[in-house]
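Me: Please take a close look at a single helix in this model. Then set it in its surroundings.

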Amino acid sequence: MGKITGFLEYERVDEPYITVEKRLENYKEFTIPLEEKKLKDQGARCMDCGIPFCHSGCPLGNLIPDFNDKVYKGRWKEAAQILHSTNNFPEFTGRLCPAPCEEACVLGINEDPVSIENIEKNIVEKAFEEGWITAHPPKTRTDKKVAVIGSGPAGLAAAQQLNRAGHLVTVFERDAKVGGLLRYGIPDFKLEKQIIDRRVAVLEEEGIQFTTNAHVGQNISVETIKADFDAVVLCGGATERRGIPIKGNHLKGVHQAMDFLKLNNQHVDGLIDFDAILSAKDKNVIVIGGGDTGSDCIGTSNRHGAKSVTNFEILNKPSVGRPAHQPWPYWPMRLKTTSSHQEGVERFFSVSTKEFLGDKNGNLIGLKTVEVEWIFKEGQRPELRELPNSEKQWECDMVLLALGFTGSEKTLAEQFGLEMDFRTNIKATTTDYATNVPGIFSAGDMRRGQSLIVWAISEGRQAAYHVDTYLMGTSNLPLKDDNDLPRI
């Protein structure tokens, strides 16, 4: 490492935010970039730890100490080359990844871990700013054609890798624009959509074709895909939303979080008027679900001008520190306070919703809850018990269900004749990402279930290697832990 004692000399410094009042006025990203000297100091904090556990913490196997060292030395272009050798889209992960690498950082055992995610974001932003990220079409083309269905991070990663191998790649996206949940599920205040557009422009220049408003299985037949392409990679995500089967769930005002977020993103993009969205303005909003999607609903509701925002989580309130049964370097389930939480919300844990209440016109006016406790017994599934005499009634005008996803949509699997696992994901192993139908592969959430963006990119890259091998008999595409330094 360039600064052996850096972890002793510098404390962790994160990007500050603009004030809550200012950032609630719009949907723009609101972090304030650190000056270059401070970024170099953050890179210098990376220890000469001998065994970099951050490698195993990162599903992509990013070469984290290597690019940290280059940042410390001010060799930004080399840092960008190292970063892109394992990660096709660090501008996405640098903004959205929960950073399991930081939880596995050796320095994090007794100090604040290295700010890996922010360093990653600044590397790629510097690379775009300096013009180092340019299109590199393959020098030679094969005669093979590959269809990638779904343009989220898994689909985009698979497409770029297969294009690099020389295949003619077409990405089919059923929505009007490319990006999947990156575009329609993530609010602009976390990822402004021009960040997607500038990368897609590079991919198009490299020769990848994008076909939007193309819903395979509906306006494009499965038979056409099979006839026109030598291989298919299904990257459609885990899009079946979890509902809540209780009385009153049909009432006007009870909405799925992804409907709420998608419509708002379309409004921010100028595609629809504010009148067409599910507005939280002047409403008492209750968000059910304590994960990232719930947090996104909180931030969006506050930008609408909600009267109040409340958040329910059925699980117990996590500890602030690392739980004893989740030791380093494993991912800990601890209390997470996001920037959206800081913007205004009242949070409640160990709460289960029992009934939605409506008026005579079918409008939501409130809900009933009960407090719960979790009983843990060794070797058994946790048991949920309701606490007696803990019922409570809450007034609300809007409920947003941020309860996660139960798997992928069955229609496409049925039309392709694919097997699904018990969680209704496409059945394909990590051995070769192949389904039961020859020539059809799957990657990302559609294969593994709801997961992280960093896992989606990793799966897209890994699947591309196996698709290339299927088509050509062998592949020069990199696998995880087999990373030359390709072009940016």
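Reply: Helix 12 covers residues 194–205, which makes 12 residues. From first C-alpha to last, helix 12 reaches 16 Å, close to the 16 Å expected at 1.5 Å a residue. The model is predicted. Its chain averages a pLDDT of 96, and 98% of the residues score at least 70.

Which residues of helix 12 are buried? They are I195, I196, R199, V200, V202 and L203. Seen down the helix axis, these buried residues fall within an arc of 155°, so they line one face of helix 12.

That buried set has several packing partners. Among the helices, it packs against helix 6 (76–84), helix 7 (90–96), helix 9 (116–130), helix 10 (153–164) and helix 11 (181–184). Strand 3 (209–211) is packed against as well. Just after helix 12, G207 takes a positive phi of about 115°.

The largest nonpolar core has 70 residues. Those with the most contacts inside it are F67, F92, I123, V148, L191, F210 and V233. Helix 19 (residues 453–472) gives the most to this core, with eight residues. Beyond its neighbours within four places in sequence, F67 is in contact with N62, A79, I82, L83, I116, I119 and I123. Apart from this core lies another, of 19 residues, including I220, L412, I426 and M446.

One stretch calls for caution. Over residues 483–487, pLDDT stays under 50. For those residues the model has 14 contacts beyond four places in sequence.

Terms used:
Residues numbered from 1 in each chain as written. Predicted model: local features only at pLDDT ≥ 70, side-chain atom pairs only at ≥ 80, totals over all residues. Heavy atoms only, no water. pLDDT = per-residue confidence, 0-100. Contact = heavy atoms within 4.5 Å. Core = buried A, V, L, I, M, F, W, Y, C linked by side-chain atoms within 4.5 Å. Buried < 20%, exposed > 50% of the residue type's maximum accessible area, 1.4 Å probe, protein only. Helix = DSSP H or I, 4+ residues; strand = E, 2+ residues; numbered from the N terminus. Expected span 1.5 Å × (residues − 1). Arc of directions from axis to C-beta.
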